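The following questions and answers examine a protein chain step by step. Please keep the sequence and the structure in view while reading.

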Amino acid sequence: MRCWLKIEEMALEELMQRLNAVSQCTDEIMHQDIIPLYAADIQDQLKKQFAYLSGGRGGDGCPVITFPDYPAFSEIPEKEFQNVLTYLTSIPSLRDAGIGFILVIDRRQDKWTSVKASILRIAASFPGNLQLVLVLRPTGFFHRALSDIAFKFGKDEFKMKVPIIMLGSVSELQGYIDKTQLTEDLGGTLDYCHNRWLSRRTAIEGFAQKVKQTAQILQSFGTELAETELPNDVQSTSSLLATHTEKKDKMKEDIRVAVEQGDDILGSITKPVTENPEYKLNQDQLDNQTTVERLLAQLHETETAFDEFWIKHQQKLEQCLRLRNFEQNFREVKAALDIVSERLSAFTDVGNSRSHVEHILKDLANFEEKSCETVAKARLLASEGDAFIQNNHYAVDSIIPKCTELHHLCDAFTTETERRRNHLNKSLELHDLLEKSMKWCDEGIYLLASQPVDKCQSQDGAESALQEIEKFLDTGAGNKIKELNKIYREYAHILNEDLKDHVQKVFQKQESMEEMFQKRQISLKKLAAKQTRPVQPVAPRPEAFVKSPCTSPGLQREYVPNSESSALRRVNYRRGKSEMTDLHQSRGGSTMDDEENLAVLRQHVINELIETERAYVEELLCVLEGYAAEMDNPLMAHLISPELQNKKDILFGNMEEIYHFHNRIFLRELENYVEYPELVGRCFLDQMEDFQIYEKYCQNKPRSESLWRQFSDSVFFQECQRKLDHKLSLDSYLLKPVQRITKYQLLLKEMLKYSKNCEGAEDLQEALTSILGILKAVNDSMHQIAITGYDGNLNELGKLLMQGSFNVWTDHKKGHAKVKDLARFKPMQRHLFLHEKAVLFCKKREENGEGYEKAPSYSYKHSLNMAAVGITENVKGDAKKFEIWYNAREEVYIIQAPTPEVKTTWVNEIRKVLTSQLQACREASQHRTLEQTQSLPLPLPASSCASPSRNHIRNTKKMEEKKADLTSLEGYVTTVAPKYPEKGKGWAKPSHSLDASEENDGWSSAEEPLNSSDAEEEGGGGGGGEMKLTPGKYTVVTDYEKGVSEEFTVKSGDLVQLIREGEDGLWYVKNLSTGREGWIPANNVLMLIGNSKSAQSLSSSESGTASSTLSTSSSCSDSCNVSSTSFSDIKG
């Protein structure tokens, strides 16, 4: 850099010297260094032509200045006279001017007195050297004689440095000056035009000024270029180079114009010779030609000096621009290399299966292919920097470190990529070995399961089976894992905890399978060496069959958190299997054969579940990396239309959340059950809450579908699909989560089919039910988001329980009679949405479109608050109808379901909602009662001394218990027909002959439940409608923290014993789990033990056949207010 600055300073100094020399030389050529006077300055004075330089020469080359006859000669101002003479004497060369001038004064038409004055003035003002003065005296006789006499006798008055010769005629003049050197007015042949001479002199002097100005401008421009600081960015440097180039081009254009001007002047001077080769230029014309040629030479010298300087300056700017481009490209390439290096560092996963490793290898290959362009750019840039260094760039010190860093980064990336690939290839090799071992184990298990046990009872059959086993075991040499420690040593650099655990599991499976083979070999060898006569296998008695080894006492359901649970299951499973082996062998092989076949089928199902789960995770990762991540890739931004930008969350929804759940949690948990497939239901149940994320994904699916249809032809998606080498477009992969969540229930059904008698059957059934529930919730939510016109927040209505389309009739007390009658015969098509807090009535509207846009929408009409809703389960004449009524039957809606099954499902769900609200009211009432009883003393033994207040409290508590019984979860369903139950036998079975339509205009009223309760109290005497508490042991179903004794508490799941009933409806209870005892109100005891099997059944509606009416609107108020209502008020 310093060297370059020194070179540039030297170039500028050389330019300044050469241009200064041009300026000086121009002044010398034009004699401006002596007399700085230009024709343009005195052009008006020269035009008077009282003196001119014709270009003629004397005998010795003296320039001739002619003073023609000019009448107003005496009137010329002295300043003008002096300027003209000074200018004329400065035109000839210094050599000619040094010889001296010849003055020709023409006064032939003048008077002697004027001649005398002119001569004296010229003699006094002439600035140059004089050689000779020739005067043409007046031609008139008188003035001629007078001039002779006056000049003869007055010579002293005309004393000059040179002699003055009076001439009488032109012929005498030609004796002194050759005729060819005299103008035509003096009788000569010299071609002279004063205007032409003046114009030419002005042009030559103007050209000389142009040459000098050009040199001066180039000096300033060169200084400006040299002093300009170099910018630090590409754009500014490029702009500066363009600006300087533009100025240079303008300078070159000015020089070109000046050269043309000089050539034109030179051409005009030499034109006579060009037209007539015999024409001879006079000395003045020759001097002009020489002057112009010298000026042109100076102009060319100026241009050459500037061109040489410009080449160096341009080279500096171009090198600066290349440097700035190099620096900018270096920053971009460095950032790109950092990104690819960071992404490469993410390839830490060595895979959990062969297909996974192959997918990672494919991803690594795709990544390497994508990164090749970046690495190639980096290497090309480094080569470019090396070229700068070789060409002695002025910024070598800055370029060398950058080139070194680029080479290092490229080499490091290549080395790291190769290392990752080697690790993955090693992982692929390991997974090949593991899969071979697993496949060999599966084939071995299948072989054991496929051997017919009945045929093995004979010696030949046993020997044949032994040969099959031995032949199969021989194939294990190239398929099984021989030394576990050798595997650990050979693959130590890729073995993480998960992979190491997988290796251990495969090895354990292999050992288990070999153990099974050893046992089978021992059994077959015994059979082959048995009695010589064949044995007829006899099937055992039906009662002697053992359904499954999983039902043995050693395999009861035990749940231990996390890894302990899996280990315990493993031990139990193996122990149960070992315990049953002898039983199977002793009772024949059919049961063992069936169980082994089922085990093989279960293994196939779990293998399919895990393999498809791995493929699913890989597909999600492929979409997220190949599409979603590319939407944030700056290199792909130009392919994304502006309307698609920032729409990634809409297009992909929460797919990333789904991927992380399956990759980090669910897949790993599933792999823990590969050896115990019948227990996989627990895996689903443990993660069931996480499956709720699919609801969010499915709710976003319509928006995603709409966005995809709008941009499916985008070049961006096509390029991503090409890079991924996918045959299917993105929309097929966006459908994968929906397909996967529906696939689980099919696999669970298959697993349950083959595990009905195993330990995990209950978990499988529960998991299947839960998955189906999630599918239903997803489906319901898809309908819920299509509701339009609802002003409130649907989330405030609680969980969506049911949704479906129905025929609806209305019958409102406040409606017009004709409207009521019309409503009975013309049903409305309504889509109902049952929430925990409300039921919504909507009108279904079909939409036109494609895909999800074709899904219907639901226009909101009205809603009913579940706190004020009642139902009538059966409507006479149609098994598919039921009633929903509101505010004590002010509004009644007759609902007709598509099928009786749909009606039953809806009625049951509505009953659950209403009874849950009833339970909430009951608990609130019991809580208030409990608060009142906490202030009472402990009960004393029964005596006749009980105070009236005690009796009043006891009666009130008994009434509260009856009220609580009537509002219990199962005991609140009442019937219309029966009025009194049979004493001691609970509720009588209701009659079907009566229906709501026969009384009260065909509808049951909201007061009927309370009326039925009153009838029961008066006629039944508290029969079977309430739960009878008896001493015994019970399991607590809810927590209880306070009793009459502050220290007595129970928790859900505790075992308690009801010891005795005391006064005022209190029971003495002992917590067998903690050993503590205390008094608890009877209604609280009922709440604690719930439907425990030790308690009596209390419901009159358990038969499930009554046409009943269920409501919470009236009962909640009764239950909640019981603590503040007196006994006499209730009886009245």
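Q: In what order do the five strands of the open sheet with mixed pairing stand?
A: This model is predicted. The strands of a sheet pair through backbone hydrogen bonds, either parallel or antiparallel. In this open sheet of five strands the pairing is mixed, and the order is β1-β2-β3-β4-β5.

Q: Which strands stand at the edges of this sheet, each with a single partner strand?
A: An edge strand has one partner, so one side of it is left without a neighbour in the sheet. From one strand to the next, the twist averages 25°. The strands at the edges are β1 (52-57) and β5 (164-167).

Q: Which residue in β3 is the bridge partner of Phe67?
A: Strand β2 covers residues 63-67 and strand β3 covers residues 101-106. These two strands pair in the parallel sense over four bridges. In β3, the partner of Phe67 is Ile105.

Q: Which residues are in contact with Val680, leaving aside its neighbours within four places in sequence?
A: Val680 is among the residues that touch the most other members of the largest nonpolar core. With its neighbours within four places in sequence left aside, the contacts of Val680 are Ile606, Leu609, Leu670, Tyr673, Met751 and Leu764.

Q: Is His831 buried or exposed?
A: His831 lies in strand β8 (residues 828-835). Its side chain and that of Ser805 are joined by a polar contact of 2.6 Å. A residue counts as buried under 20% relative accessible area. The value for His831 is 3%, so His831 is buried.

Q: At roughly what angle do the axes of α21 and α25 cross?
A: Two packed helices are described by the angle between their axes and the distance between the axes. The contact includes Tyr694 and Cys698 of α21, together with Ala777 and Met782 of α25. The crossing is right-handed. The axes of α21 (residues 693-711) and α25 (residues 761-784) come within 9 Å, and the angle is roughly 35°.

Q: Which residue in β12 is the bridge partner of Thr872?
A: In a regular strand the side chains alternate between the two faces of the sheet. Strand β11 (residues 869-872) has Val869 and Ile871 buried on one side, and Gly870 and Thr872 buried on the other. β11 pairs with strand β12 (residues 881-886) in the antiparallel sense over four bridges. In β12, the bridge partner of Thr872 is Glu883.

Q: Which helix packs on the open sheet of β15, β16, β17 and β18?
A: The four strands of this sheet stand in the order β15-β16-β17-β18, with antiparallel pairing. The edge strands are β15 (1032-1035) and β18 (1077-1081). The packing helix touches β15, β16, β17 and β18, and its direction makes about 105° with that of β18. This helix, covering residues 1082-1089, is α30.

Key: Residues numbered from 1 in each chain as written. Predicted model: local features only at pLDDT ≥ 70, side-chain atom pairs only at ≥ 80, totals over all residues. Heavy atoms only, no water. Core = buried A, V, L, I, M, F, W, Y, C linked by side-chain atoms within 4.5 Å. Buried < 20%, exposed > 50% of the residue type's maximum accessible area, 1.4 Å probe, protein only. Contact = heavy atoms within 4.5 Å. Pairing = 2+ DSSP bridges. Polar contact = N/O pair within 3.5 Å; in protein donor to acceptor, adjacent residues only side chain to side chain. Axes fitted to C-alpha atoms, helices over the stretch in contact; angles between N-to-C directions. Left-handed = near helix turned anticlockwise from the far one by under 90°.
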